Amino acid sequence: MREMHYTGMQLGVIGALFLSVASSVSIVICNKALMSNLGFPFATTLTSWHLTVTFCTLHAAQKLNFFETKSVDMKTVMLFGILNGVSIGLLNLSLGFNSVGFYQMTKLAIIPFTVLLETLFLKKQFSQNIKFSLFLLLIGVGIASITDLQLNLLGTVLSALAIITTCVGQILTNTIQKKLNVSSTQLLYQSAPFQAAILFVSGPIVDQCLTKQNVFAFKYSTIVLVFIVLSCLIAVSVNFSTFLVIGKTSPVTYQVLGHLKTCLVLGFGYTLLHDPFTSRNIVGILVAIFGMGLYSYFCTQENKKKQSIDLSVSQIKDKEAALLLGGKNMGSQDKESQQDNKKLNRDPIV
């Protein structure tokens with residue numbers, strides 16, 4: 001039974017990872033066409049629409065009894081939603097006020113900072129093998145994606161804030177689901193309105209600051225509206241799979257998956273959109289994929305080891321319980337025999 005449960009969990013994790021990769025790559029390609037080819041540059045406002053559609057979809061699913069809501073402390077959910085909304089805005093601002101290379105460095109820094117926070121505050125242990133595989137992954141993604149590094153004070157501050165809020169938000173996503181025993185769907189359903197609200201208010205301001213254009217003054221053609229609707233529909237799957245992956249695995253694994261998406265997007269960009277591609281990109285992607293492979297292998301081995309240890313502990317406990325119960329039965333039998341002997345001693349001999 002335990003092996004079947006473990007196999008079911010593995011299939012669930014694989015399904016969540018596949019959904020996350022497929023939906024994320026799809027939305028990147030869709031948004032790239034929307035922003036680069038159709039001239040719609042309002043990324044933060046678009047994200048607020050994504051979250052609004054996600055909430056509406058989940059609300060409809062809840063009304064149709066696809067899942068049950070679970071009451072969670074409103075203050076916790078509100079702060080969690082606002083934090084995630086702020087992190088999205090800060091990441092977009094970081095991209096706007098930094099070079100692309102420095103922005104990629106910001107995204108790479110999320111993994112080691114997450115490892116640091118989980119080690120310090122959650123007392124989580126990362127083996128040397130896991131650290132080495134993550135190091136290879138970061139080196140590979142850095143080679144493949146970082147082109148230039150231009151520093152400025154405002155951009156550096158925004159990047160630092162983006163790293164902190166993103167790491168804390170993803171750690172909380174995992175922690176809240178496990179400690180409060182809520183599913184990824186339940187947490188996303190309750191937090192999405194707050195994320196959408198903070199971005200709905202700040203999005204136009206952030207986009208105005210970055211693009212010098214007003215989202216409300218933009219001329220929306222039919223093709224632009226079609227791509228916006230398509231982007232919002234794909235975003236439902238992206239948001240759902242994000243919470244699902246973090247809940248089933250860990251924030252670090254989700255970030256590793258994010259860099260796999262980066263490599264896939266670079267590959268799709270070259271093959272489908274004919275983006276410029278060099279031998280450096282190829283080497284970087286190969287190193288990154290090797291690092292991801294090692295990370296997956298080491299995680300699998302450590303999970304199997306943990307499962308075997310847990311199984312051994314449970315078997316020992318079962319044996320101890322059986323011995324304890326056996327001892328109690330023997331004790332009761334001894335008492336019964338002693339009582340029978342006393343009765344025999346009291347009865348007269350005929």
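This section describes the fold, confidence, packing and surface of a predicted model of one protein chain.

The secondary structure of the chain consists of ten helices, with zero strands. Along the sequence, the elements accordingly follow the pattern α-α-α-α-α-α-α-α-α-α. Of the 350 residues in the chain, 41% are buried. Among contacts with a separation of 6 or more, 88% are made by residues 24 or more positions apart. The accessible surface amounts to about 19,900 Å², and carbon and sulfur atoms contribute 68% of this area.

The average pLDDT of the chain is 81, and 80% of the residues reach a score of at least 70. Among the elements, the highest mean pLDDT, 93, belongs to H2, whereas the lowest, 70, belongs to H10. Over residues 342-350 the pLDDT is below 50, and this stretch has zero contacts in the model beyond near neighbours in sequence.

The largest nonpolar core comprises 22 residues, of which Ile 130, Leu 134, Leu 137, Val 256 and Tyr 295 touch the most other members. Two or more residues of this core are supplied by each of helix H4 (100-121), helix H5 (128-145), helix H9 (251-271) and helix H10 (279-346). With residues up to four places away in sequence not counted, Leu 134 touches Ile 111, Val 115, Val 252, Val 256 and Tyr 295. Another core, of 13 residues, lies apart from the largest one; its members include Ala 61, Val 77, Val 182 and Tyr 189.

His 50 is located in helix H2 (residues 43-63). The relative accessibility of His 50 is 7%, and this residue therefore counts as buried, the cut-off being under 20% relative accessible area. When neighbours within four places in sequence are left aside, His 50 is in contact with Ile 27, Asn 31, Ser 231, Cys 232, Ala 235 and Asn 239.

Ile 82, by comparison, is found in helix H3 (residues 74-97). This residue counts as partly exposed because its relative accessibility is 32%. Ile 82 also belongs to a nonpolar patch on the surface, together with Met 74, Met 78 and Val 86. The four residues of the patch have about 300 Å² of accessible area together.

Conventions. Residues are numbered from 1 along each chain as its sequence is written. This is a predicted model: local features need pLDDT of at least 70, side-chain atom pairs count only at pLDDT 80 or more; totals for chains, interfaces and linings use all residues. Side-chain values use heavy atoms; hydrogens and water are left out. Patches are made of residues with over 30% relative accessible area and no salt bridge: like charges are joined within 9 Å, nonpolar side chains (Val, Leu, Ile, Met, Phe, Trp, Tyr) within 5 Å. Accessible areas come from the Shrake-Rupley method with a 1.4 Å probe; for residues, only the protein chains shown count as cover. A salt bridge is a side-chain nitrogen of Lys or Arg within 4 Å of a carboxyl oxygen of Asp or Glu. Helices (H or I, at least four residues) and strands (E, at least two) are DSSP runs, numbered from the N terminus. Buried means under 20% relative accessible area, exposed over 50%, partly exposed in between (1.4 Å probe, protein chains only). Contact means heavy atoms within 4.5 Å. A nonpolar core is a set of buried Ala, Val, Leu, Ile, Met, Phe, Trp, Tyr and Cys residues joined through side-chain atoms within 4.5 Å. pLDDT is the predictor's confidence in each residue, from 0 to 100.
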